[in-house]
Amino acid sequence: MINCTDPDDAGASPHTALLGSEFVSFDEATQTATMRFTVKREMTTWRGGVQGGLVAGYLDDVMGYAYVAATGGEMAPLNLEISMSLIRLIPEGATIIGKGRVVRAGQRVIFLEGELLGEDGTIYARSTSTAIPTPRPTPEQTGMTR
């Protein structure tokens, strides 16, 4: 299992700061990752809620992290398709809880699902993803070292 609290591990990707991602836990029995996100003003539209494409970013992050954690940090999903339902507006300043789960992981395809919830359990969005398994790249491999 990867050290999920190590800033040089899960938090090393530049998108983590943008999304305000914080790893909470991983349940091996259910293959479920839990993350917390704080909605920044920069993520919102004039309606006062998170822009739809950026909601997909939160969902992608938590679903992907479920697979990374399930593989002990060795593998990462490469999305082929993401489908999401925007159930209600996610307001600026909200703390949202993301739940991502590995539904099935084979050698050629991975099925993931995710949801975003308010701290009170309000459902904001749900998603599914079909992805392919790939070795998890390092910042050195991608040229994205600090």
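Leaving aside its neighbours within four places in sequence, with which residues is I96 in contact? In this predicted model, where local features need pLDDT of at least 70, side-chain atom pairs count only at pLDDT 80 or more, and totals for chains, interfaces and linings use all residues, contact means heavy atoms within 4.5 Å, and on that basis I96 touches M35, R36, F37, V39, Y58, I90, L116, L117 and Y124. Residues are numbered from 1 along each chain as its sequence is written, and side-chain values use heavy atoms, with hydrogens and water left out.

I96 is also among the residues with the most contacts inside the largest nonpolar core, together with F37, Y58, I90 and L116, and this core has 30 residues. A nonpolar core is here a set of buried Ala, Val, Leu, Ile, Met, Phe, Trp, Tyr and Cys residues joined through side-chain atoms within 4.5 Å, where buried means under 20% relative accessible area, exposed over 50% and partly exposed in between (1.4 Å probe, protein chains only). At least two residues of the core come from each of β1 (21–27), β2 (32–38), α2 (52–70), β4 (95–105), β5 (110–118) and β6 (123–135), helices (H or I, at least four residues) and strands (E, at least two) being DSSP runs numbered from the N terminus. The largest share, 10 residues, is supplied by α2.

Of the 2 aromatic pairs in the structure, one is formed by F37 and Y58, which are tilted at 4.9 Å centre to centre with 55° between the planes. Because F37 lies in strand β2 and Y58 in helix α2, the pair ties together parts that are 21 residues apart in sequence. Rings of Phe, Tyr and Trp (its six-membered ring) pair if their centres lie within 6.5 Å, with planes under 30 degrees apart counted as stacked, over 60 as edge-to-face and the rest as tilted. Both F37 and Y58 are buried.
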